[in-house]
Amino acid sequence: MTSELRVTTLSNATGDGPATLTKQSAAKAWCAWDNDTNDINDSLNYSSFTDDGSANRTLTMTNSFGSTNICLASSVGAVAGNPSNRNHACTVESTSSTKSEFYDAANSQVDNDDFCGITVHGDLA
């Protein structure tokens with residue numbers, strides 16, 4: 001037998017707040033941007049980024065994490081050429097920012113990647 005669930009609002013048992021995720025986790029921040037144009041295409045909990053030069057970007061979050069013990073996952077690709085010849089190194093700068101650096105297969109910094117992304121898992125402050 002199939003079921004269908006339609007919900008307008010999901011709240012806690014008392015109806016006065018959001019439902020709590022138990023034994024689950026969701027990304028608390030993510031950002032998709034274009035290094036070529038310096039445009040944020042879409043994001044959750046990221047407000048801006050700074051072009052630090054030489055293929056380095058510092059991304060600033062709207063809401064801070066509780067600590068710098070967070071998990072980052074990243075991706076990068078280019079429209080032209082082989083997208084698998086790219087590396088995206090990302091680090092935690094503070095509880096409210098991350099830094100991204102981009103390299104080609106020869107380990108030279110590149111600044112023309114069209115599809116860049118980062119996802120952050122951890123607990124917000």
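User: Which cysteine sulfur is closest to the sulfur of Cys116, and how far away is it?
Analyst: The closest cysteine sulfur is in Cys31, at 9.4 Å, which is too far for a bond. This is a predicted model, where local features need pLDDT of at least 70, side-chain atom pairs count only at pLDDT 80 or more, and totals for chains, interfaces and linings use all residues. Residues are numbered from 1 along each chain as its sequence is written, and side-chain values use heavy atoms, with hydrogens and water left out.
User: And what about Cys71?
Analyst: Its closest cysteine sulfur is in Cys90, 8.9 Å away, again too far for a bond.
User: Is Cys116 buried or exposed?
Analyst: Cys116 is buried, at 4% relative accessible area. Buried means under 20%, exposed over 50%, and partly exposed in between, with a 1.4 Å probe and protein chains only. Cys71 is partly exposed at 45%.
User: New topic. How many salt bridges are there?
Analyst: Three, counting a side-chain nitrogen of Lys or Arg within 4 Å of a carboxyl oxygen of Asp or Glu. One of them joins Glu4 and Arg6, N to O 2.2 Å, and both residues are exposed.
User: What does Asp51 pair with?
Analyst: Asp51 pairs with Arg57, with the closest N and O atoms 3.1 Å apart. Asp51 is partly exposed at 36%, whereas Arg57 is buried at 0%.
User: And which residue does Asp52 bridge to?
Analyst: Lys99, with the closest N and O atoms 3.6 Å apart.

Terms used: Disulfide = S-S within 2.5 Å.
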